[in-house]
Amino acid sequence: MRFDRDRYLEWYLPRFRETSPPPINLHASGVQALTPEALPPPATGDPWSLPGRFEEALAAWLELPAEEVLFTPGATGGNLLAALALAGPGAEVLVEAPIYEPMFLHAARIGPFRRLHRTGSEGWTLPGDAADAVREGTGLVIITEPHNPSGRFSPRATVEALAQAAARVGAYLLINEVYRDFSDRPSYHGLGPNVVVVSSLSKLLGAYWARLGWLSAAPEVIERLRWAHLNLGMPASPAAATGLAVLARADGLRDAARRTAQTFLPLVDAWVRETPGVSWSPPQGPGFGCLELPPGTDDMAVAETLLRQEGVLVIPGTLFEAPGTLRIAWLQAGDRLFEGLDAVRRVVR
């Protein structure tokens, strides 16, 4: 397996980290990062026991049996672990598009792959006949619910049919639910014995630096994934210690994140409807959405101009395989949100 630089991170990281003064934040898809000072002291005790203690506490918070949860180094680590452990040698991977680029690259590095396309004209949901894309030789299907960059959920019946089609050919369905808990939609955990969910405490609770991800699935699948994880390295005890402290504040942090996302959504939706030439399918929970630009607009040029001339950072849709769009977010914009949106309106015009 070969790992190369990817376009999304290569474009985004220097603009996020090196722009001075910091730009108006219409780019961050999660809440403000927690600081260590905002948390109780990390858990102590036998360091070898900390990952297991965190898994048990996490499972309790998720209201799942502990044997159905595996602590991973962030959702990205969980995605990669699941892809490596479940696809099978030479098996085809079916991965949705548009998608967060590192997730696609995980699939592309494993072996043969095909795409399952969402479109803006259909509200960025999975197509109703998505299950028909699964065929003999498919070993793994990868989707996100809600979708990134649009923040839209597919009909549950569509996902259920996709899981059943995957089961018929012996394939797993990996569902990234990192943004699900911004809404009150139920998880897809338990949908079928071949369904694996990946998520984390980063976007929702701000624990980015602690790398607190997990996979959840049927016990026999988690056992297989656990052995795969041990082949890659032991779970991180310092992260688990911090994770226990994060969970002590989890309910309040989750509620605050939901309030912020849902309070500003109708305001941003009104702005979209009042801005000539742009449109979107309103997101259904997360604090971001996919703004569709006038036909023929170069979204990369719009994003660069916004940063250079207006001091506003957004994510060009091209980096999510959705050219002609911008992913705009409002969870960290604060009182500069509409200053940033007005700049978007000026540049698009």
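Here are some numbered notes on the predicted model shown above.

1. Ground rules. This is a predicted model, with local features requiring pLDDT of at least 70 and side-chain atom pairs counted only at pLDDT 80 or more, while totals for chains, interfaces and linings take in all residues. Numbering starts from 1 along each chain as its sequence is written, and side-chain values rest on heavy atoms, with hydrogens and water left out.

2. Overall make-up. The protein chain has eleven helices and twelve strands (DSSP runs numbered from the N terminus: H or I of at least four residues for helices, E of at least two for strands). Its radius of gyration is 20 Å, close to the 20 Å from the globule rule for 349 residues, so the chain is as compact as a globular protein of that length. That radius is taken over C-alpha atoms, and the rule is 2.2 Å times the number of residues to the power 0.38. Along the principal axes, the C-alpha trace spans about 55 × 50 × 35 Å.

3. Of the 349 residues, 57% count as buried (under 20% relative accessible area; exposed is over 50%, and partly exposed lies in between, with a 1.4 Å probe and protein chains only). Looking at contacts with a separation of 6 or more, 73% come from residues 24 or more positions apart; a contact here means heavy atoms within 4.5 Å.

4. Surface and charge. The accessible surface of the chain is about 14700 Å², and 54% of that belongs to carbon and sulfur atoms (Shrake-Rupley method, 1.4 Å probe; for residues, only the protein chains shown count as cover). There are 31 positive and 38 negative charges, and their mean positions are 3 Å apart. Lys and Arg are the positives and Asp and Glu the negatives, with His and the chain ends not counted; each charge is placed at NZ of Lys, CZ of Arg, CG of Asp or CD of Glu.

5. Helix α8. Have a look at residues 237-248: these twelve residues should span 16 Å at 1.5 Å a residue, and the end C-alpha atoms are 17 Å apart, which agrees. The expected span is 1.5 Å times one less than the number of residues. The helix is mostly covered, with ten of its twelve residues buried. Among them are Ser237, Thr242, Gly243 and Val246. The buried residues pack against α2 (50-62), β2 (69-73), α6 (202-205), β8 (212-216) and α9 (250-274).

6. Phe71. This residue sits in strand β2 and counts as buried at 3% relative accessibility. Setting aside neighbours within four places in sequence, its contacts include Ala239 and Ala240, as well as Pro51, Phe54, Trp214 and His229.

7. Cis peptide bonds. Ala97 to Pro98 is cis, omega near 0°, with Pro98 in the loop between β3 (92-97) and α4 (101-110). Glu145 and Pro146 are also joined by a cis peptide bond, with omega about 0°; Pro146 is in the loop between β5 (138-144) and α5 (156-168). As background, most peptide bonds are trans, and most residues other than glycine have a negative phi.

8. Positive phi. Glu63 has phi near 60°, a positive value in a residue other than glycine. Glu63 is in the loop between α2 and β2 and is exposed, at 71% relative accessibility. Trp124 also has a positive phi, near 65°, and belongs to the loop between β4 (113-117) and β5. Trp124, though, is buried, with a relative accessible area of 7%.

9. Two loop residues. Ala217, in the loop between β8 and α7 (219-232), is buried at 2% relative accessibility. Not counting residues up to four places away in sequence, Ala217 touches Glu68, His189, Val195, Val196 and Ile222. Pro21 is in the loop between α1 (7-18) and β1 (24-25) and counts as exposed at 61% relative accessibility. From Pro21 to Val246, the C-alpha separation is 30 Å, for residues 225 apart in sequence.
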